[in-house]
Amino acid sequence: MSTGTPLLVVGDALLDRDLVGTAERLAPDAPVPVLDGCQEWLRPGGAALAAYLAARAGRPVTLLAPLGDDPASRRVGALLEGLVTVVPLPLDGPLAEKTRVLADSRPVVRLDRGNGRASTVTDRARRLLAQAPAVLVADYARGAAEVLRAELAAIAPRTALVWDPHPRGLPPVAGARLATPTHEEARGFAGDGASEGESLGAVARTAAELVRRWRAVWVAVTLGGQGALLSQGDGPMLVPTAARHSGDTCGAGDCFAATAAGLLGDGALPAEAVQEAVAAATRYVAEGGARAVAPGPEPTVAPDRRDAADGLRLAGRVRAAGGTVVAAGGCFDLLHAGHVSLLQQARGIGDCLIVCLNSDASVRRRKGAGRPINPLPDRIRVLRALHCVDAVVVFDEDTPERLLSRLRPHIWVKGGDYAVERLPEAAQLAEWGGQAVLLPYLDGRSSTRLATRAARSAEARA
């Protein structure tokens, strides 16, 4: 079941292909590597990837992009079928294809073909734009944003419009809610107004120049492993990543922009949207980046089952890469400083942190009537907003033992107010060589105490 505000992705679709193999020798006729065991991976690219990632996260998504009847267009349509509603614009020429050749996961060369461009706008496209509550423009400089520019300018003042620009494309229309250039793109667009250097001060000055020049409400300059800098012209906010990953970053910008656009459509503040977008892009890279994008659409599943699938997939990839999977569990009803301290410490001892979260029914059985105070969707959203949390997985039982048997983390953490020998999970972790550990806990902090204190304060004011 899809949830959240529907998102309309407007832009240029591509067909992306990876040819992946191992390189252990050179060709006898030229000093070039020979790829053995070469495998082909196909995925939607460009605006189609942004739409795919937003839909895979559980949001209803429509893609408005130039597509024709050529083989690449048909393949992109097949990859999105059942997950994304595709509304084609007329395409003049064959769809662009981008092929990366990777040796031992390192790019060797990229091959591009297909020069198709958007040729015109349709009445159906105009109606979609006029009615859309949230719009992401994923511009890949192949004409979609250009032919729809007048319609995009008309809806900008009243729509959650996010614009992900391209160096060879046009600047965002005036009034865009959020623009998401990379640092390199931002300097190119700012031209003589860009500040020299890599310092945060230079980034902030360049972002402020783009806010003025583009007349955008906000500009978020993405900084790769450093996160993003959000600016409204002054008082910039740095949103750092919880951890840096050295994996494949191809598509991370699409993930960032799609996440931010969807949340702005939901009514989130720009700072909230960018924080979650940074976290989502970080998770995307940690899970393998573009290589982790399935070769075909995933079936639509309920959000809690999708969360479980995402958590299991993350654990599997980190484990396969030789990393350390850390898990922590609890109700996390009223998130307080003790929770945050525990989770930050937990993330610091591994390569990913998966939070196992009690469902509402499980909390009621443990805590009694009146709990949880915050329902499950709110608790999930708050936890996901923490940069130290890579995934949240819900369980219905009283304890997470069945979930842990599937996740098989290397480390299971609890706060210091427990004793390891009293944790039923400790023996379970030992079955696969894992370890339950205690971490220091801030004394005197608990959800129950916070709720009691709030109730007493309300009674005193009554």
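**Reading the labels of a predicted model**

Student: Why is Ala141 called buried?
Tutor: Its relative accessible area is 18%, and a residue counts as buried under 20%, as exposed over 50% and as partly exposed in between (1.4 Å probe, protein chains only), so Ala141 is buried. The model is a predicted one, in which local features need pLDDT of at least 70 and side-chain atom pairs count only at pLDDT 80 or more, while totals for chains, interfaces and linings use all residues. Residues are numbered from 1 along each chain as its sequence is written, and side-chain values use heavy atoms, with hydrogens and water left out.

Student: Where does Ala141 lie, and what sets its phi apart?
Tutor: Ala141 sits in the loop between strand 10 (134-138) and helix 4 (144-147), where helices (H or I, at least four residues) and strands (E, at least two) are DSSP runs, numbered from the N terminus. The phi of Ala141 is positive, about 60°, although Ala141 is not a glycine. Most residues other than glycine have a negative phi.

Student: What makes Arg408 partly exposed?
Tutor: Its relative accessibility is 39%, and the value therefore falls in the range between the two cut-offs. Arg408 belongs to the loop between helix 14 (401-407) and strand 19 (411-415), and its phi is also a positive value, near 50°, in a residue other than glycine.

Student: How do you know that Ala328 is buried?
Tutor: The relative accessible area of Ala328 is 1%, which is under the cut-off, so the label applies. Ala328 has its place in strand 16 (residues 325-330). Apart from neighbours within four places in sequence, Ala328 is in contact (heavy atoms within 4.5 Å) with Leu343, Leu353, Ile354, Val355, Cys356, Trp412 and Val413. One of these partners, Leu353, is 25 residues away in sequence and 7.4 Å away in space, C-alpha to C-alpha.

Student: What about Val239: why does that residue count as buried?
Tutor: Val239 has a relative accessible area of 1%, and because this is under 20%, Val239 is buried. Val239 is found in strand 15 (residues 237-239), and, with residues up to four places away left out, it touches Gln226, Gly227, Ala228, Val274, Gln275, Val278 and His387. Between Val239 and Val278 there are 39 residues in sequence and 7.3 Å from C-alpha to C-alpha.

Student: Which residues bring helix 8 and helix 9 into contact, and how are the helices set?
Tutor: The two helices pack at an angle of about 145° with axes 8 Å apart, where axes are lines fitted to C-alpha atoms over the stretch in contact and angles run from 0 to 180 degrees between N-to-C directions. Helix 8 contributes Ala252, Cys255, Phe256, Thr259, Ala260, Leu263 and Leu264, among them, and helix 9 contributes residues including Pro270, Ala273, Val274, Glu276, Val278 and Tyr284. By class, this contact has 15 nonpolar, one polar and one charged residues; Ala, Val, Leu, Ile, Met, Phe, Trp, Tyr, Cys and Pro count as nonpolar, Asp, Glu, Lys and Arg as charged, and the others, Gly among them, as polar.

Student: What is the picture for the protein chain as a whole, in helices, strands and buried residues?
Tutor: The chain has 16 helices and 20 strands, and 52% of its 462 residues count as buried. Of the contacts between residues at least 6 apart in sequence, 67% join residues at least 24 apart.
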